[in-house]
Amino acid sequence: KSFLRLRLRPRVLRDVSRVSTETTILGSRIAFPICAAPTAMQRMAHPDGEIATTKALSSLGTCTTLSSWSTTSIEDVARAAPDGLRWFQLYVYSDRVATVDLIRRAESRGYKALALTVDTPVLGRRYDDVRNR
């Protein structure tokens, strides 16, 4: 029933000679409204990992979100695309000093927002990780 109050209004026969996907996100301009979510340990898949992802997204004019579990440092990613829009995904660790240190490092390197992850109070038992120690 909730969807009954919504209507799609087709817009046809409109001037489309000037179409733009550009928008803003938290006050920053991006070329289109698609950004990259944090993805951990990218260098396990490719040696360029987070650096390549950040450079690509920056060249496209959109935002990347660096994972707390990145295989590339906050500083190296910032150097790779200094003009790119970067956010930092943060787990709040029980070691609050380490958490604050990550926040300060990201802020000092020009990351514009924190993507706070709060749905992982306890990590699951990863049997492959335990077996591969």
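**A tour of salt bridges and a crossover**

Start by selecting E75, which is buried, with a relative accessible area of 12%. The cut-off for buried is under 20%, so E75 falls inside that class. Keep in mind that this is a predicted model.

**Stop 1: around E75**

Colour residues 74–80. This is helix α2, and E75 sits in it. Now show what E75 touches. Leaving out residues up to four places away in sequence, E75 touches R105 and R109.

Which residue forms a salt bridge with E75, its closest N and O atoms 2.7 Å apart? Select R105: that is the partner, with the closest N and O atoms 2.7 Å apart. E75 belongs to helix α2 and R105 to helix α3, so this pair ties together parts that are 30 residues apart in sequence. Is R105 buried or partly exposed? R105 is partly exposed, at a relative accessible area of 25%.

E75, R105 and R109 are linked in a network of salt bridges.

**Stop 2: along helix α2**

Stay on helix α2 and select D76 and R79. Their side chains meet in a salt bridge, 2.3 Å from N to O. Why look at these two together? They are three residues apart in helix α2, so about one helical turn separates them. R79 is exposed, with a relative accessible area of 59%. D76 counts as partly exposed, at 34% relative accessibility.

**Stop 3: E22 and R29**

Move to E22. Show its side chain together with that of R29. The two form a salt bridge, and their closest N and O atoms are 2.6 Å apart. E22 is partly exposed, with a relative accessible area of 44%. R29 is exposed, at 54%.

Side chains of opposite charge can pair when their charged atoms come close. How many salt bridges does a search of the whole structure find? The search finds four.

**Stop 4: the strands**

Switch to a cartoon view. Select residues 85–91, strand β4, and residues 113–117, strand β5. The two strands run parallel, and five bridges join them. Pick Y91 and look across to β5: its bridge partner there is T117.

Now follow the chain between the strands. From β4 the chain passes through helix α3, residues 96–108, and on to β5. This β-α-β crossover is right-handed. Helix α3 is also where R105 lies, the residue paired with E75 in helix α2.

Show the side chains of the strands before you leave. In a regular strand, side chains alternate between the two faces of the sheet.

Technical notes
Residues numbered from 1 in each chain as written. Predicted model: local features only at pLDDT ≥ 70, side-chain atom pairs only at ≥ 80, totals over all residues. Heavy atoms only, no water. Helix = DSSP H or I, 4+ residues; strand = E, 2+ residues; numbered from the N terminus. Contact = heavy atoms within 4.5 Å. Pairing = 2+ DSSP bridges. Right-handed = clockwise from strand over helix to strand, strands pointing away. Buried < 20%, exposed > 50% of the residue type's maximum accessible area, 1.4 Å probe, protein only.
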